Amino acid sequence: MAEASTATPGAPLAQGPGPDPAAGAPTVTVGAGPFSTSQARRRYWGLVAGLSVLAALFAAGILAWDNPMPFGTTGFWRIAELRATTLTAITVVVICQGVATVAFQSAVSNRIITPSIMGFEALYVAVQTSAVYLMGVAGVVALTGVPQFALQVVLMVAFSLVLFGWLLSGRYGNIQVMLLVGIIIGGGLRSVSTFMQRLLTPSEFDVLTARMFGSVSNADADYFPLAIPLCVLATAGLWWRGRHLNLVSLGRDVSTNLGVAHRREVMLTLFLVSILMAVSTALIGPMTFLGFLVATLTYQLAPTWDHRHLFPVAALLGFVVLAGAYVVLKNVFYAEGVVSIIIEAVGGTVFLIVILRKGRL
């Protein structure tokens, strides 16, 4: 699919490489495969190179900015090693959020809806609230570390499997009904969580608020041996099924006519998406609009429809957005704690703009 062909402007496209001898006019190169023209191909790789440079600069800023020790000394590298936890958490989260949102929107053939609408974050809040409500502060503090992280991921993936399996395999099952039920379940979980929060003591509520607030500082390095393999495996699975996802994004009727088992591909995609969203949410907490913001920017900047080329751009854009906001707010405005608030505000504004421009969901 990567061959290039040539064509004369205003004439039908030639199917083979080289100039058209019958045309006698200047020709332009038209690319086949994931890029419409050779210019689009150059623009894509230029975008990847530019984002890679920005990502490297922001990564260096996280490790080295305001480091009190002289560069190259043992103390400098020890401080940089401590900051590597933040860098690793940002990398895992942006890959999970960016890749999951792009794949989810292709599976449901809608570029406005995000995985958060399926109740992932509402389930996270309900589990955290139930833990504080039932066990108190002492019990929650005792239940920390990898077991708590693994339990959170397993609950969220199991919830999504039950929801997808029940609603997509039933007689009247379809994606629209699944989304509607996901919204209703999410609303119900939020209502139950709010009720339990009203019964907590002030100290318990403070502990719970810290857990529900999406922040990079919530990430624990002990979670990485489990979070990184899950992120890598789920992302590799989506990239491997990228060619099928290209057809699924055309809709059920078109993809079925092209020989794709649409329901099986959608179920597999949603399962991998649920793993990525569970890892991201359990690692740092809810960040509702980060994935939507990254996916929208990816569609606007990447001149391709191929998911194997969209996923790297989404991951790089997510890293530039989250790491850039973290570096600027922490070192310039000394407001590290408001990173998620700024991203949610910007992402929410972009969401409203897209809704108003399209006039529909």
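The paragraphs below go from the whole chain to its aromatic pairs and then to charges over rings.

The model is predicted. Its chain holds 13 helices and 2 strands. Of the 361 residues, 48% are buried. Among contacts with a separation of 6 or more, 72% join residues 24 or more positions apart. The chain exposes about 17600 Å², and 68% of this area comes from carbon and sulfur atoms.

A pair of aromatic rings is described by the distance of the centres and the angle of the planes. The chain has 4 aromatic pairs. One of them is formed by Tyr44 and Trp45: the ring centres are 5.0 Å apart and the planes stand at 80°, which is over 60 degrees, so the pair is edge-to-face. Tyr44 has a relative accessibility of 2% and therefore counts as buried, whereas Trp45, at 48%, is partly exposed. Together with Phe35, Tyr44 and Trp45 make up one aromatic cluster.

Phe149 and Tyr223 form a stacked pair, with 4.7 Å from centre to centre and 15° between the planes. Phe149 belongs to helix α4 (residues 146-169), while Tyr223 is in the loop between α6 (202-212) and α7 (224-240), so this pair ties together parts that lie 74 residues apart in sequence. Both Phe149 and Tyr223 are buried.

Arginine side chains also sit over tryptophan rings. The charged end of Arg241 is placed over the ring of Trp240, at 5.0 Å from the ring centre. Arg308 lies over the face of Trp239, 4.2 Å from the centre of that ring.

How values were computed:
Residues numbered from 1 in each chain as written. Predicted model: local features only at pLDDT ≥ 70, side-chain atom pairs only at ≥ 80, totals over all residues. Heavy atoms only, no water. Helix = DSSP H or I, 4+ residues; strand = E, 2+ residues; numbered from the N terminus. Buried < 20%, exposed > 50% of the residue type's maximum accessible area, 1.4 Å probe, protein only. Contact = heavy atoms within 4.5 Å. Areas by Shrake-Rupley, 256 points an atom, 1.4 Å probe, with all protein chains shown as cover. Phe/Tyr/Trp six-rings, centres within 6.5 Å; stacked < 30°, edge-to-face > 60°. Lys NZ or Arg CZ within 6 Å of the ring centre and 35° of its normal.
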